[in-house]
Amino acid sequence: MAPEFYIKCPKCGHEYNVHKMVYDKGQDFLMYCPMCMTRYPRKEGKVTQANFQL
(Lines give C-alpha, C1' and ligand atoms only; values in the text may rest on other atoms or scores of the structure.)
Protein backbone atom coordinates (compact mmCIF):
# COMPACT_ATOMS: atom_id res chain seq x y z
CA MET A 1 0.00 0.00 0.00
CA ALA A 2 1.31 3.44 -0.91
CA PRO A 3 1.97 5.80 2.02
CA GLU A 4 -0.84 8.36 2.08
CA PHE A 5 -2.79 10.61 4.39
CA TYR A 6 -6.26 12.11 4.43
CA ILE A 7 -6.76 15.82 4.90
CA LYS A 8 -9.90 17.92 5.32
CA CYS A 9 -10.24 21.16 3.36
CA PRO A 10 -10.70 24.14 5.72
CA LYS A 11 -13.05 25.87 3.25
CA CYS A 12 -15.54 23.20 2.17
CA GLY A 13 -14.81 20.32 4.58
CA HIS A 14 -14.13 17.79 1.79
CA GLU A 15 -11.80 15.01 2.93
CA TYR A 16 -9.43 13.55 0.35
CA ASN A 17 -6.28 11.43 0.20
CA VAL A 18 -2.81 12.70 -0.66
CA HIS A 19 0.52 10.89 -1.16
CA LYS A 20 3.14 11.12 1.60
CA MET A 21 5.55 12.97 -0.74
CA VAL A 22 3.29 16.02 -0.32
CA TYR A 23 3.35 15.67 3.48
CA ASP A 24 7.17 15.63 3.39
CA LYS A 25 7.22 19.05 1.66
CA GLY A 26 6.29 20.74 4.95
CA GLN A 27 3.52 22.62 6.75
CA ASP A 28 3.56 25.59 4.37
CA PHE A 29 3.19 23.54 1.19
CA LEU A 30 0.03 24.63 -0.67
CA MET A 31 -2.61 21.92 -0.80
CA TYR A 32 -5.28 21.81 -3.50
CA CYS A 33 -8.84 20.72 -2.75
CA PRO A 34 -10.27 18.75 -5.69
CA MET A 35 -13.84 19.64 -4.66
CA CYS A 36 -13.81 23.45 -4.29
CA MET A 37 -10.43 24.08 -6.00
CA THR A 38 -9.10 26.09 -3.05
CA ARG A 39 -5.36 26.29 -2.41
CA TYR A 40 -4.31 26.47 1.24
CA PRO A 41 -1.21 25.76 3.37
CA ARG A 42 -1.20 22.21 4.73
CA LYS A 43 -1.13 23.54 8.31
CA GLU A 44 -4.65 24.99 7.77
CA GLY A 45 -6.14 21.62 6.82
CA LYS A 46 -6.84 18.89 9.35
CA VAL A 47 -5.02 15.59 8.79
CA THR A 48 -7.61 12.98 9.77
CA GLN A 49 -5.80 9.71 8.97
CA ALA A 50 -2.43 8.44 7.80
CA ASN A 51 -0.96 5.02 7.15
CA PHE A 52 2.51 6.21 8.21
CA GLN A 53 3.92 7.76 11.38
CA LEU A 54 3.16 11.51 11.62
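Predicted model: local features only at pLDDT ≥ 70, side-chain atom pairs only at ≥ 80, totals over all residues.
A search of the whole structure turns up three aromatic pairs. One of them joins Phe5 and Phe52 in an edge-to-face arrangement, with 6.4 Å from centre to centre and 85° between the planes. This pair connects distant parts of the chain, since Phe5 sits in strand 1 and Phe52 in the segment after strand 5, 47 residues apart. Both Phe5 and Phe52 are buried. The rings of Tyr23 and Phe52 also meet edge-to-face, because their centres are 5.5 Å apart and their planes stand at 70°, where an angle over 60 degrees counts as edge-to-face. Tyr23 belongs to helix 1 and Phe52 to the segment after strand 5, so here the pair ties together parts that are 29 residues apart in sequence.

Let us stay with Phe52 for a moment. Its relative accessibility is 15%, so Phe52 counts as buried, the cut-off being under 20%. Leaving aside residues up to four places away in sequence, Phe52 touches Pro3, Glu4, Phe5, Lys20 and Tyr23. The C-alpha atoms of Phe52 and Pro3 are separated by 6.2 Å, although these residues are 49 residues apart along the chain. Tyr23 has its own set of contacts: with residues up to four places away in sequence again set aside, Tyr23 touches Phe5, Arg42, Val47, Phe52 and Leu54.

Which residues make up the largest nonpolar core? This core has eleven residues: Phe5, Ile7, Cys9, Tyr16, Val18, Val22, Tyr23, Met31, Cys33, Tyr40 and Phe52. At least two residues of this core come from each of strand 1, strand 2 and helix 1, which covers residues 20–23.

An open sheet is formed by three strands in the order 2-1-5, and the pairing is antiparallel. Strand 2, at residues 15–19, and strand 5, at residues 46–50, are the edge strands, each pairing on one side only. On average, neighbouring strands of this sheet are turned by 35° against each other, with direction ignored.

Strand 1 spans residues 4–8 and is joined to strand 5 by four bridges, the two strands running antiparallel. Along this pairing, Lys8 stands opposite Lys46 in strand 5. Five bridges join strand 1 to strand 2, and these strands too run antiparallel. Strands 1 and 2 form a hairpin with six residues between them, and in the turn Gly13 has a positive phi of about 85°.

Strand 2 has a covered face with Tyr16 and Val18, while Glu15, Asn17 and His19 are on the uncovered one. Tyr16 and Val18 are also among the residues of the largest nonpolar core.

The structure as a whole holds zero disulfides. Cys12 has 39% relative accessibility and so counts as partly exposed, whereas Cys33 is buried, with a relative accessible area of 0%. Cys33 is also one of the residues of the largest nonpolar core.

Is Thr38 buried or exposed? Thr38 has a relative accessible area of 17%, and because the limit for a buried residue is under 20%, Thr38 is buried. This residue lies in the loop between strand 3, at residues 30–32, and strand 4, at residues 39–41. Not counting residues up to four places away in sequence, Thr38 touches Lys11, Met31, Tyr32 and Cys33.

Conventions. Residues numbered from 1 in each chain as written. Heavy atoms only, no water. Pairing = 2+ DSSP bridges. Axes fitted to C-alpha atoms, helices over the stretch in contact; angles between N-to-C directions. Buried < 20%, exposed > 50% of the residue type's maximum accessible area, 1.4 Å probe, protein only. Contact = heavy atoms within 4.5 Å. Core = buried A, V, L, I, M, F, W, Y, C linked by side-chain atoms within 4.5 Å. Disulfide = S-S within 2.5 Å. Phe/Tyr/Trp six-rings, centres within 6.5 Å; stacked < 30°, edge-to-face > 60°.
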